[in-house]
Amino acid sequence: MELRVLEKDEYEKFVKTNPYKSHFLQSYDWGCLAKEERDLTPYYLGLDDDGTIVGATLLLKKSLPLGLCYLYAPRGYVINFSDKKILDKFTEEIVKFAKRKKAIYVKIDPDIIWKNEDYKGEVTEVESKDKNIYNELLRLGYKHRGFTKNFESAQPRYTFRIDLNQSMEEIESHFSKTTKQRIAKSLKLKTKVEIGTEKDIPTFYHLMMLTESRKDFVSYGIDYYKTLYKLFNEDNKATLFLGKVNIKDSLEVLNSDLEEVNKKIDELPKENMSKSAKNKLKELSRQKENLEKEVEKYNNYLKEYGEEVTLSAHMILEYGDKAWVLYAGNHNILTETYVNYHTYYEHLKFCKDRGLKIYDQFGTIGDLSKDNPRLGLHEFKKKFGGDYVEFMGEFDYVVKPLYYFAFTKVVPIYRNMIKKRKKKELKDEIERD
């Protein structure tokens, strides 16, 4: 068996339909995106066993001073990790490749599930062989980076996944009660979800910036999203979902509800009211007051934003038989229309209708303490009833120990400086808008 560079068609044929592991982060397109937008060099490598490819990986090279680099296989490798012979040989060949490239280390974070918890909270230790894989990687010299609980690693170590082999009725039955109610309310208010095009990327980007500003994180500039959308729509599929509210339509619903409440109040007796009638009047008066406030608020929004405003924009990536909710941006107005819930609901149905097998919400936390600022994100995604999945985590194969020590201690300080600078740039850009 020998490691060699694979051409696009040969690489994609193996990775996209691989029975063991298939992930968009190992796709040919992801390597192209990393090259164009992040200045990384992609290598598409395969382990050839007498003319048959038995393993492959996308390796991304980050160049460093002194001719050094590090290599990263996002959600890689694409191999049968339980096959000791292939794992040993693949590691051996990758290490040789890393030495030729003067790499400090090789990072992997395999798409291997460590633990699974279903919507009822029942925990399954997934396939004991995964623990064996963990021990095999340690035996081969990989260094486990720890069972992180938040977003410290390159990719989320936790996520929610929905099995699309279930019927849509079964999937919906796992939604929380509040999720069902909020989707119903959003539908009643006549919100709508449309599939966008490349021309809608600026709207998507604006909503991403608003979300990032609120949640204190920074991702990418608009060119990154444009490139991602273009690349994946050439070979696979990137779909942009736009959740919108037509304020005039919603006002019609609210005014109709208000009219109905007034009608019920008029039907009540004016004199000698019973206790139940008095209680009913009290409740109807409360509803009337709330609806009048809503109508006033929507009229003000109508003056400020016009008839229609886009409140949510989500980008869904498909690869093989899976889909990922990769990016989601949401406005901070009219949150009571629950357009975000409606948008999730629509692209979940979309993925089901397309015959995909797994719907991945791409990222949540493992630290569920009440003071965790990401807990709200976790609770939102949990409401859709997916399996709470924990991956095995990151492993580094250290090639140059002294450089590795310096890199893992000094670089995080530099990255924090960059992060603070980007936060300031994001704040300035939003203020300019």
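In strand β15, valine 389 is the bridge partner of asparagine 116, and that bridge belongs to the pairing of strand β6 (residues 113–117) with β15, which is antiparallel and runs over four bridges. When I speak of strands, and later of helices, I mean DSSP runs numbered from the N terminus, a strand being E with at least two residues and a helix being H or I with at least four; two strands pair if DSSP finds at least two bridges between them. What we are looking at is a predicted model, in which local features need pLDDT of at least 70 and side-chain atom pairs count only at pLDDT 80 or more, while totals for chains, interfaces and linings use all residues. Residues are numbered from 1 along each chain as its sequence is written, and side-chain values use heavy atoms, with hydrogens and water left out.

Staying with β15, threonine 159 also stands opposite valine 389, and β9 and β15 run antiparallel, joined by four bridges. How much of β15 is covered? Four of the five residues of β15 are buried, where buried means under 20% relative accessible area, exposed means over 50%, and partly exposed is in between, using a 1.4 Å probe and protein chains only.

Let me step back to the whole chain for a moment. The chain has 13 helices and 16 strands, its C-alpha trace spans about 90 × 50 × 40 Å along the principal axes, and 50% of its 433 residues count as buried.

Next, please find the open sheet, in which seven strands follow the order β1-β2-β3-β4-β5-β16-β8 with mixed pairing. The edge strands, each pairing on one side only, are β1 (2–5) and β8 (142–144), and the twist averages 30° from one strand to the next, taken between axes that are lines fitted to C-alpha atoms, with angles running from 0 to 180 degrees between N-to-C directions.

I would now like to turn to charged side chains. A salt bridge here is a side-chain nitrogen of Lys or Arg within 4 Å of a carboxyl oxygen of Asp or Glu, and by this rule the count comes to 33. One of them joins lysine 107 and glutamate 394, at 3.0 Å from N to O. Lysine 107 lies in strand β5 (residues 103–108) and glutamate 394 in the loop between β15 (387–391) and β16 (395–398), so this pair ties together parts that are 287 residues apart in sequence. Both lysine 107 and glutamate 394 are buried.

Compare that with aspartate 235 and lysine 8, whose side chains meet in a salt bridge at 2.9 Å, N to O. This pair, too, links distant parts of the chain, with aspartate 235 in helix α8 (residues 222–235) and lysine 8 in helix α1 (residues 8–16), 227 residues apart. Here aspartate 235 is partly exposed, with a relative accessible area of 31%, and lysine 8 is partly exposed as well, at 29%.

A local case is glutamate 346 with lysine 349, whose closest N and O atoms are 3.5 Å apart; both residues lie in helix α11 (residues 339–353), three residues apart, about one turn of the helix. There is also a network of salt bridges that links Lys84, Asp88, Glu136 and Arg139.

Finally, the cavities. A cavity is a set of points, on a 1 Å grid over the protein atoms alone, where a 1.4 Å probe fits but cannot get out, and its lining residues have an atom within 4 Å of a point; grid points are joined across faces, edges and corners, and a volume is the space filled by probe spheres set on the points. Which strand gives the most to the lining of the largest cavity? That is strand β9 (residues 158–163), with three residues, and the lining includes Thr159 and Phe391. The second largest cavity has a volume of about 30 Å³, and Glu394 is among its lining residues, as are Arg75 and Pro156.

Technical notes
1 Å grid on protein atoms, 1.4 Å probe; cavity = no way out; pocket = protein on both sides within 12 Å on 5 of 7 lines; lining within 4 Å.
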